[in-house]
Amino acid sequence: MTNIIIFGAPGSGKGTYSDEIVKRYGMGHISTGDVLRAEIKAGTELGKTAKQYIDNGQLLPDSLMIDILASTYDALPKGQGVIFDGFPRTIAQAEALKAMLAERGDDMGVMIELIVDEETLLARLLNRAVEQGRADDNEETIKKRFAVYHAQTEPLAEWFEGEGIRHTFTWKGEKELMLGEIFDFLDKL
Ligand code: AMP
């Protein structure tokens, strides 16, 4: 499978759809949020730094994230494709990802954008707070994450458009419908 960048607001389902895509196509999966939460759990220096940003709904510095991404990518088996979930989140990260992959003779593949209305996003994140107990899923931090998303990450959709790899899927109220549309698209690649 080609590489996939899964893109969307907090709560848009990046993790959920990534898991389904991994199950169907057997590819690698990098969730930068999961990498950071594992570091926090392990109590590492990186985890301590990450916690300050995550709890505040802010993005970690690009240079740090780019290093984390490259080392995580290099640790994965080659040749089966990788789904990038939660990275890139800024134009600088996107440029770095493109360059990092090009250096390794690879490319970004396709970008899948998940479009979900804000009311649904908020309801999902508040529900996830109850189910998974994520520290950054409280209403105050969620609002900050939405603001950061609109200011720093959303403009990236146009950047992907310019790269000719943006493919948009819009939430119509049913997970199976969204998943079916995504699989139909990926099956044809
Ligand atoms: P996520 O699980 O993808 O929603 O990520 C949770 C939090 O981890 C974000 O709100 C950021 O604080 C941090 N984070 C994850 N990925 C990145 C990234 N690519 N760049 C900067 N910060 C990130």
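A residue is called exposed when its relative accessible area is over 50%, and buried when it is under 20%. The views below all come from a predicted model.

**View 1. Helix α2 and its two sides.**
Helix α2 covers residues 32-42, and its buried residues are Thr-32, Gly-33 and Leu-36. Looking down the axis of α2, these buried residues fall within an arc of 105°, so they line one face of the helix. The face turned away from this buried side carries Lys-41 and Ala-42, which are exposed. An α-helix has 3.6 residues a turn, so residues three or four places apart point the same way. On the buried side, α2 packs against the strands β2 and β3 and against the helices α3 (45-55) and α4 (62-74). Gly-43 follows α2 and has a positive phi, near 70°.

**View 2. Helix α1 and what covers it.**
Helix α1 has 12 residues, 14-25. At 1.5 Å a residue the helix should span 16 Å, and its end C-alpha atoms are 16 Å apart, which agrees. Which residues of α1 are buried? They are Lys-14, Tyr-17, Ser-18, Glu-20, Ile-21 and Tyr-25. Seen down the axis of α1, the buried residues fall within an arc of 165°, so they line one face of the helix. The elements that cover them include the strands β1 (4-8), β2 (28-31), β3 (82-85) and β4 (110-115), as well as helix α9 (175-187). Just after α1 comes Gly-26, with a positive phi of about 60°.

In the side chain of Arg-37, an N or O atom is 2.9 Å from an oxygen atom of the ligand. For Arg-89, a polar side-chain atom lies 2.9 Å from a nitrogen atom of the ligand. The side chain of Gln-93 has an N or O atom 2.9 Å from a nitrogen atom of the ligand. On its own the ligand has 480 Å² of accessible area, and the protein covers 96% of this.

The peptide bond from Phe-87 to Pro-88 is cis, and its omega is near 0°. Pro-88 is placed in the loop between β3 and α5 (91-103).

**View 3. Lys-144 on helix α7.**
Lys-144 is part of helix α7, residues 139-153. With 30% relative accessibility, Lys-144 counts as partly exposed. Leaving out residues up to four places away in sequence, Lys-144 touches Asn-56, Gly-57 and Gln-58. Lys-144 and Gln-58 are 86 residues apart along the chain, but their C-alpha atoms are separated by 7.4 Å.

Arg-134 sits in the loop between α6 (118-132) and α7. Is Arg-134 buried or exposed? Its relative accessibility is 18%, so Arg-134 counts as buried. The side chains of Arg-134 and Asp-136 are joined by a polar contact of 3.0 Å. Apart from neighbours within four places in sequence, Arg-134 is in contact with Arg-37, Arg-128, Ala-129 and Arg-145. One of these, Arg-37, also has a side-chain atom 2.9 Å from an oxygen atom of the ligand. Ala-129 belongs to helix α6. Ala-129 has a relative accessible area of 25% and is partly exposed. Beyond four places in sequence, Ala-129 touches Arg-134 and Asp-137. Asp-106 lies 23 residues from Ala-129 along the chain, and their C-alpha atoms are separated by 37 Å.

**View 4. Leu-189 after helix α9.**
Leu-189 is in the segment that follows α9. At 51% relative accessibility, Leu-189 counts as exposed. Which residues is Leu-189 in contact with, leaving aside its neighbours within four places in sequence? They are Met-1, Thr-2 and Val-110. The C-alpha atoms of Leu-189 and Asp-34 are separated by 27 Å, and the two residues are 155 residues apart along the chain.

Note on methods:
Residues are numbered from 1 along each chain as its sequence is written. This is a predicted model: local features need pLDDT of at least 70, side-chain atom pairs count only at pLDDT 80 or more; totals for chains, interfaces and linings use all residues. Side-chain values use heavy atoms; hydrogens and water are left out. Helices (H or I, at least four residues) and strands (E, at least two) are DSSP runs, numbered from the N terminus. The expected span of a helix is 1.5 Å times one less than its number of residues. Buried means under 20% relative accessible area, exposed over 50%, partly exposed in between (1.4 Å probe, protein chains only). The arc is that of the directions from the helix axis to the C-beta atoms. Contact means heavy atoms within 4.5 Å. A polar contact is a pair of N or O atoms within 3.5 Å; within protein, one must be able to donate a hydrogen and the other to accept it, and residues adjacent in sequence count only if both atoms are side-chain atoms. Accessible areas come from the Shrake-Rupley method with a 1.4 Å probe; for residues, only the protein chains shown count as cover.
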